[in-house]
Amino acid sequence: MPGQTETEKYFGYARGRQIAMEEVKDDVFGKKMLGDGVAVLPEEGNVYAPADGTVVHVFDTKHAICFVSRYKTEILIHIGVDTVKLEGKYFTVHVENGMFVKRGQLLIEFDKEQMERDGYDTTIPMIFTALPKEKRLEIPVSARMSPDKTAALVHRLEQTEEQI
């Protein structure tokens, strides 16, 4: 039926306190230069798939992963601020490029405590990098993030014949 909305659900990709992107202490993320999203102050060093989809790219430095959901929505999960400087130290990747993953599957582990001892902010933003005009992001109000709770919704308005 024209004008209906289809909703994509993205679950928590880590356990911790959910915060708004504007609260991330890095201009690239806080000012949404790469796109809008949500972030988490993690309690532990595990990052999970927020939905079923495909790993498009694991950065050589293991601090970030690009993911495409089964809805073809592009996502970047970035572990920490300036952690590219660690050059892979403290990260263990459990997936590879091109791999299909299920929601809740472990993607990356990292040594949160050691990174913090070394002075790194371990905030983890999840950015929706290329949302087309017909998709709208909604971040449900939540103080806690976990793999069993919805962290983000993407609404896709089906185009009417007049919009095509």
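**Entry 1: Ile124 and the cores**

I started at Ile124, which touches Tyr13, Ala14, Val38, Ala39, Val40, Pro42, Val47, Ile77, His78, Ile79, Gly80 and Phe110, with residues up to four places away in sequence not counted. Contact here means heavy atoms within 4.5 Å.

Before going on, I noted that this is a predicted model, where local features need pLDDT of at least 70 and side-chain atom pairs count only at pLDDT 80 or more, while totals for chains, interfaces and linings use all residues. Residues are numbered from 1 along each chain as its sequence is written, and side-chain values use heavy atoms, with hydrogens and water left out.

Next I looked up the core around Ile124. The largest nonpolar core has 33 residues, and Tyr13, Ile77, Leu107, Ile124 and Met126 touch the most other members. A nonpolar core is a set of buried Ala, Val, Leu, Ile, Met, Phe, Trp, Tyr and Cys residues joined through side-chain atoms within 4.5 Å. Buried is under 20% relative accessible area, exposed is over 50%, and partly exposed is in between (1.4 Å probe, protein chains only).

Which elements give two or more residues to this core? I found β3 (36-42), β5 (53-58), β6 (64-69), β7 (74-78), β10 (106-110), β11 (124-128) and β14 (150-157). Strands (E, at least two residues) and helices (H or I, at least four) are DSSP runs, numbered from the N terminus. There is also a second, separate core of 9 residues, with Phe29, Ala39, Val81 and Ile127 among them.

**Entry 2: Thr122**

I then went to Thr122, in the loop between α2 (112-117) and β11. With a relative accessible area of 5%, Thr122 is buried. I listed its contacts beyond four places in sequence: Val40, Pro42, Gly80, Phe110, Lys112, Met115 and Glu116.

I traced an open sheet of 8 strands in the order β9-β5-β6-β7-β11-β3-β2-β13, paired antiparallel. Two strands pair if DSSP finds at least two bridges between them. At the edges I have β9 (100-101) and β13 (144-145), each of which pairs on one side only.

I checked two hairpins here. β5 and β6 pair in the antiparallel sense over 5 bridges, and Val55 stands opposite Phe67 in β6. Their hairpin has 5 residues between the strands, and Lys62 in the turn has a positive phi of about 65°.

β6 and β7 also run antiparallel, joined by 5 bridges. I noted Ile65 opposite Ile77 in β7, and Cys66 with Leu76 as its bridge partner in β7. This hairpin has 4 residues between its strands, and Lys72 in the turn has a positive phi of about 70°.

**Entry 3: the sheet of 3 strands**

Another open sheet has 3 strands in the order β1-β14-β12, with antiparallel pairing. β1 (5-11) and β12 (135-138) each have a single partner strand, so one side of each is left without a neighbour in the sheet. I counted 7 bridges joining β1 to β14, which run antiparallel, and Thr5 stands opposite Leu157 in β14.

**Entry 4: rings**

How many aromatic pairs are in the whole structure? My search gave 2. Rings of Phe, Tyr and Trp (its six-membered ring) pair if their centres lie within 6.5 Å; planes under 30 degrees apart count as stacked, over 60 as edge-to-face and the rest as tilted.

Tyr10 and Phe128 form an edge-to-face pair, 5.2 Å centre to centre with 75° between the planes. It links distant parts of the chain, from Tyr10 in strand β1 to Phe128 in strand β11, 118 residues apart. Both Tyr10 and Phe128 are buried.

For Phe91 and Phe110, the ring centres are 6.4 Å apart and the planes at 35°, so I logged the pair as tilted. Phe91 sits in strand β8 (residues 91-93) and Phe110 in strand β10, 19 residues apart. Phe91 is buried at a relative accessible area of 5%, and Phe110 counts as buried at 6% relative accessibility.

Last, I looked at Phe11: Arg103 lies over its face, at 3.8 Å from the ring centre. A charge sits over a ring if NZ of Lys or CZ of Arg is within 6 Å of the ring centre and within 35 degrees of the ring normal.
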